[in-house]
Structure formats: C-alpha cells, structure tokens
Amino acid sequence: MSRTTAQPRPGRTAKNLVPARRTGPEPSSPTTRRATFRHSLHAEWIKICTMRSTPYLILGTLAFCIGLAALNGSSAGSEYADLSPADQAAFDPLATSLRGYLLAQIALGLLGGMVITSEYGARTIVSTLTSVPHRARVLGSKAVVLVGVALPAGIAVSLAGFLVGQASLSGAGAPHLALSDGMALRGILGGGLYLALAGLFGLALGTVIRSTTATVTTLFGVLLIVQAFAPALPGGVGEWVSTYWPPIAGGQIITGYRDPELLGPWAGLGVMAGCVAVVLATAFVVFRKRDA
C-alpha cells in the first residue's frame, strides 16, 4: 500500500490553521481575580453561620445564663435578710445576676477556636489559603466576623441574665437594679465586650494550637482554673494574680461593688483587652510563618 499524504482542504491554508493571536487583555476568570478583604469577610461569614455548633453554643449559653441568673437571684435574695451589716453593704446585685459569664466565656472562646480549628481538622484550610493567599487577610476577616457574632451574643446573654436576675432579687425583697441605672448599662455592655474578647482569645489560641481539644483545655485553665485557685496562692503571688490576671481583672466590668484593692471595671477590661491583643498578634505571626 502506498502512503498518501494528507492534503489541506480547498480554501484552508497553513496560515488559516494557525489560531489568531489575541491582541487584547486576557479576560479575568474567577480563579485569577484577586480575592479582596470583602470577599474574605463574606466567605468567613458563611462559614461561621453554617457551622452546626454556632447556634447550639449561643442558644445553650443563653439558656444556661438565664437559668443561673434566676437561681442566683432567688437564692441570694432569700439569704439577704440574714446577712451581717457588713455583708449587706458589700452585696452586689449586678454580679449576682451576671455570674453566668463564667461559662459564657468558655462557650464563646470555644466558638472562636472552632472558627479555625475546624478548618485544620477538615483540611479545608488549604483551599482557604489557596483562594486567599494573603494570610493576614484570612485571619483578620475571621476575627472581624467572630466579633460580629460574639459581641451581639454576649450583650444578649448579659441583658437576659440581668433582667431575670434582678426580677428574682426584686421578688425576694433584696436590693436590685433597674435597667436605666448607669451601673446596669455598664455591666451589660461591658459583659458583651468581655465575652467578645473571650471569643478572640479562643481564636488566637486555636490559631497557635490548631487542635479543638487542646484549645478547650487551655481555655478552661486560663479562664476558670486560675481564678478558682488564685485565693489559695501564697503571699504576693496570690495578690498579683487576683488583681492583674486578665480574666479576673476583666471580670470586674460586671461587678457593682467596688473593692479598693482590685482594678476598676474599665481598667480591668483594658488589661483583658491588652492581653488578648498580644496573644492575637502572636497568632498572626505564627499563622503567616507556619505551613498549613
């Protein structure tokens, strides 16, 4: 058999077979467009709103704090008449109704940690950083979205606890506060700010540790265990921890009784905010330098 050479069809030349060179700019595709901070915010908002744990944590915390405020209010109110004059003078209706913040800080800290540890656990952090290579933008958007969820949730928890707790105190005939009192507004707003800071602290820990379990363990140790054992620490160590340990200092924002040996409400919250800022800055550095 003789091999025949394929001939070009009539009307088609070698020049016709070469694709025309594009002279204009290449059209941008979704994969080549630069992801802005607004895009990253939108993505992180979708992530936190679609996490199954988000509504459970917030609603569960709200229910617990309401129940604890009712229990504390009725118990403290019924015992008020039997207190000594000195104890009656130091009675704090604001702190009595907002005591649920001790659990709420763990819950919102856990929410903050899961914002990033859930991505490390599922390995979706790789696709996140592929879509948004600017790591500071990724972590910054997570922090902004977290505050957008944690701050309203913290204010709602504080407001509900205050209203229920003060109603219980009033029913028991004990001193109580009205919502219009300046001390009450400071406790509710400050409580919301404190819980938002606890959420950012959890985010910073989760970024550094990368493990949900280890983040929860650290949150319990820093936010609860040190507070519980601070009075038992010896001498000046115990006094320093009771005054300047960030969660203890920040917790002064929800107290009405002023202990002269402790920091003031806003000064204490400032110590808490400074500590969270340092830990969060460390998380930014670690997040930028460490592999996903």
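**Cavity lining, nonpolar cores and overall fold**

By class, the lining of the largest cavity comprises seven nonpolar, five polar and no charged residues (Ala, Val, Leu, Ile, Met, Phe, Trp, Tyr, Cys and Pro count as nonpolar, Asp, Glu, Lys and Arg as charged, and the others, Gly among them, as polar). The model is predicted: local features need pLDDT of at least 70 and side-chain atom pairs count only at pLDDT 80 or more, whereas totals for chains, interfaces and linings use all residues. Residues are numbered from 1 along each chain as its sequence is written, and side-chain values use heavy atoms, with hydrogens and water left out.

The structure holds one cavity of 30 Å³ or more, and about 90 Å³ of space lies in the largest cavity. A cavity is a set of points on a 1 Å grid over the protein atoms alone where a 1.4 Å probe fits but cannot get out, and lining residues have an atom within 4 Å of a point. Grid points are joined across faces, edges and corners, and the volume is the space filled by probe spheres set on the points. The lining consists of Cys65, Ser97, Leu98, Gly100, Tyr101, Ala104, Val157, Ser158, Gly161, Gly191, Leu195 and Ile254. H6, H8 and H9 each supply at least two lining residues, and the largest share, three residues, comes from H8.

The protein has 13 helices and zero strands (DSSP runs numbered from the N terminus, with helices being H or I of at least four residues and strands E of at least two). Of its 292 residues, 41% are buried, that is, under 20% relative accessible area with a 1.4 Å probe, protein chains only.

The largest nonpolar core has 50 residues, among which Ile48, Leu111, Leu146, Phe162, Tyr194, Leu203 and Phe287 touch the most other members. Such a core is a set of buried Ala, Val, Leu, Ile, Met, Phe, Trp, Tyr and Cys residues joined through side-chain atoms within 4.5 Å. Two or more residues are given to this core by each of H3 (53-79), H6 (101-122), H7 (125-131), H8 (135-171), H9 (182-209), H10 (212-229) and H13 (265-289). The greatest contribution, eleven residues, is that of H6. Leaving aside residues up to four places away in sequence, Leu146 touches Ile48, Leu111, Gly112, Val115, Gly199, Leu200 and Leu203. A second, separate core of five residues includes Ala76, Tyr80, Phe91 and Leu169.

Among contacts (heavy atoms within 4.5 Å) between residues at least 6 apart in sequence, 77% join residues at least 24 apart.

Conventions:
On a 1 Å grid over the protein atoms alone, a cavity is a set of points where a 1.4 Å probe fits but cannot get out, and a pocket is an open set with protein on both sides within 12 Å along at least five of seven lines; lining residues have an atom within 4 Å of a point.
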